[in-house]
Amino acid sequence: MAVTTMKYFFPALCFLVLLLHALAQCDVPASEFHRDGDYLLGGLFDVHHASTTIHHHRPETIDCSSQTFTLSSYRRFQLMRFTVEEINNSTKLLPNVALGYEIFDQCSNTHSFPSVLKFISINDLIQPWVPLGKNVSKMIAVVGPFSSTSTLTVAPLLMMNLFPVVSYGAGSSVFTQKAIYPSFLRTVHSNKDVIEVIVRIILNFGWRWVSFLNSDDAFGKDGLELFRKRIADTDICLGYAKDLSTANTNYSQIFQSIEAQKIGVIVVFTPKLTAEALIGAAMQLNVTNKVWIAGDTWSLNKKLPKERGIKNIGTVIGISQPVVAIPGFSDFIYSARRQSYCENSQTFCNQFCNCGGLTAEDILAVDPSYSFSVYSAVYALAHALHKTMQCASGTCNRNTTVYPYKVFAELKKSSFKLLNQTIQFDENGEPTFGSYSLVFWNQSGNAEEIGFYKFYPAPQFLLNSTKIQWYTKGKVPTSLCSPECHTGYVKKQTGNEECCFSCDICEDGTYINSTEDPYTCVPCKEAEWSAAGSTSCLLRAVEYVAFTDTESILIIIGACALVLLTVAMSVVFAINYNTPIVRSAGGPMCFLILGCLSLCNISVFFYFGEPTSSFCTLRILPFVLFYTVCLACFVVRSFQIVCIFKIAAKIPKLHSWWMKYHGQWLVIAAALVTQAFLLVIGYSNAPPKPYNDTVWYPDKIILTCDMNMKAALCSVVLLGTLCCLCFIFSYMGKDLPKNYNEAKSVTFCLLLLILTWTLFTSLLMLYRGKHIQTFNALSVLSSLYAFLFWYFLPKCYIIIFQPQKNTQKYFQSLIQNYTKTISQ
């Protein structure tokens, strides 16, 4: 056993000697990584990140500059430099003391010991048992590291002599164990607090079925453990959990598993680079319709929200540290960019920054997370040094020997104001200041603040969900597997687990009896109905418009009044049959039109009462047949006027033929016969019949008539053709003598006719209740009154109240004036 121990001891000792020799030989020129001072702060920043495991065949320092450059870490690195500069420029905090720093690029967790050995060395020699008061190092504390894994690597060595370590990013809950990490403090809240906010968000929206993706390191595994403990007493279920690494993770398999379990909420608890790889894979694999909850490490990411496919993955909600504007930092960055040492300089061995191509705008535009954590960490150490050196009098006591453990003692008692926040630590070195912001990645690619979580003096959670633009277009997404189905829902088992099933509501017309069969929706009988989610069926209500209904009585009165008006107008026209007004209106044709209007009126009476086959037929037949005659009369009447005044002189043969064979009556007879033939053919093939409408209303049976539109198409086309001809001939006669010009009145009647049936057709597309029969009858009546009021009534008015205009002499004067106008 002793031989084996000695076998490994001497090589290790040789390696340590070589390493210390390298430390002693490294030249340290001025650079961004080093600033001399009376006292030094160590800094650990992962400016570069070794994403893959590096294998060496001999002891050598890792080349950090060849690894992936992390701009957000470089921004925090610059923030430490700025904070030290700001403290040195102040005359109050450390008035006669120059504060310096020694910063290391901790690009690898497993190759970070050279930096730690440098921190604890005195004059480049490690003397762990040196008595107090001899060879005191300038290094008094360390700011960092950023990640929990890096902190777990280096912290034990620094804890040995109570060397203060103030981390600005390590969130693992293990660091609250003061027996192991006595001199560890942090200015960022622990994972426990972040998990608390995440769980609050999940509970706020009622999500019960979630997945948790964490990084395969101390940070991520700690987060998963804390999440499991936190949801133990809640209704939240963890359906899927997976450790992620940036090197060898099968993202396709992960998303397939999440989709297979129908998990809608994904908590991503990883560092920035791992999150970028995950979300990039989600966009590439076309993962959609998910809610992503981002941890504070990547919620303010500047790259991902601008990606083209980010909107397709769903909704991203995040937890972030509030963005605190640090005065003077921008000016510092612009000034630092004008210096050239960043490009070439190299300090302790491998500390080289390949950032020459960066601009100040690049640095300032990057994710600002953890900026205030770095800022407050440096200031906390400066205030602790202020107390240690008794600088309250305006000058520091330089005779005081500053030991790291003394700085730590003062650091624990820190209490000072910084940018309107009181910087303090509790007994575990946890910050008692700060809060978390709740953010949402909006459509503009920005992290919009939607709430906050304050820790002190008492927890306060506020979330304004109205600002969130959900991928579901307004409705909050759900994520459940699976609650007990509500009453009226049928179970649809998914997968092999009985506890996971979908709940489908039984549709209209079906019901479920859960005691007999919870997996089947039973259809109702034809005379029964049920609403969605019913447990039984009910009898449908039968509805139709009865003759005793108020609207029926009013329409029937209107139909009777129309008959009386046609009779009265016929009497007036008969008494004044030989007057010019009656002759110009059509003479005997007027009586035909008035008679047909009365016959059309028959249809109105059959829209009420319980529909029968005869009722359905008589609703259409009288109106269509006799209205065709009315329109044909107006067509020939308009043509006759145009023929007399315009066509007779130009086409005398047509005029003589029309007069000889009474062309007007031939056209009217042809229209009547054609329409009658079309109606007979249509009704023979598909006659109207009673129809029980059970589709439009699930709880009612509407008694109506089934009209075959294809069978009635030709009849409707004929009516439309007659309307068009009326328009054409009316327009041709628009400039005829006033008393012969029927264009305006006929055109207005036709427009009313078209408007009436257009409105009815539109209503028919939107409403199919029993009152549609009332509107149909009203449309028929309106079509009849249109001609009665706007064609015949004005002529009756002239006959009765203006007889001077109903003379042969008056009409002759109008014709003479028209003739003179034409001749000119």
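This briefing describes selected features of the structure above. The model is predicted, so that local features need pLDDT of at least 70 and side-chain atom pairs count only at pLDDT 80 or more, while totals for chains, interfaces and linings use all residues. Residues are numbered from 1 along each chain as its sequence is written, and side-chain values use heavy atoms, with hydrogens and water left out.

**Packing of two helices**
- Helix α2 (residues 71–89) and helix α12 (residues 371–388) have axes that come within 9 Å and cross at roughly 35°; axes are lines fitted to C-alpha atoms over the stretch in contact, with angles from 0 to 180 degrees between N-to-C directions.
- Helices (H or I, at least four residues) and strands (E, at least two) are DSSP runs, numbered from the N terminus.
- The contact (heavy atoms within 4.5 Å) involves residues of α2 including Arg 75, Leu 79 and Phe 82, and residues of α12 including Val 374, Tyr 375 and Val 378.
- The residues of this contact comprise ten nonpolar, two polar and three charged; Ala, Val, Leu, Ile, Met, Phe, Trp, Tyr, Cys and Pro count as nonpolar, Asp, Glu, Lys and Arg as charged, and the others, Gly among them, as polar.

**Salt bridges**
- The structure contains twelve salt bridges, each a side-chain nitrogen of Lys or Arg within 4 Å of a carboxyl oxygen of Asp or Glu.
- One of them joins Arg 81 to Glu 32, with the closest N and O atoms 3.7 Å apart.
- This pair links distant parts of the chain, 49 residues apart: Arg 81 belongs to helix α2, and Glu 32 to the loop between α1 (2–25) and β1 (34–35).

**Backbone features in loops**
- Most residues other than glycine have a negative phi, and most peptide bonds are trans.
- The peptide bond from Gly 144 to Pro 145 is cis, with omega near -5°, and Pro 145 lies in the loop between β6 (139–143) and α4 (148–159).
- Asn 286 has a positive phi, near 60°, and is located in the loop between α8 (272–284) and β12 (290–294).
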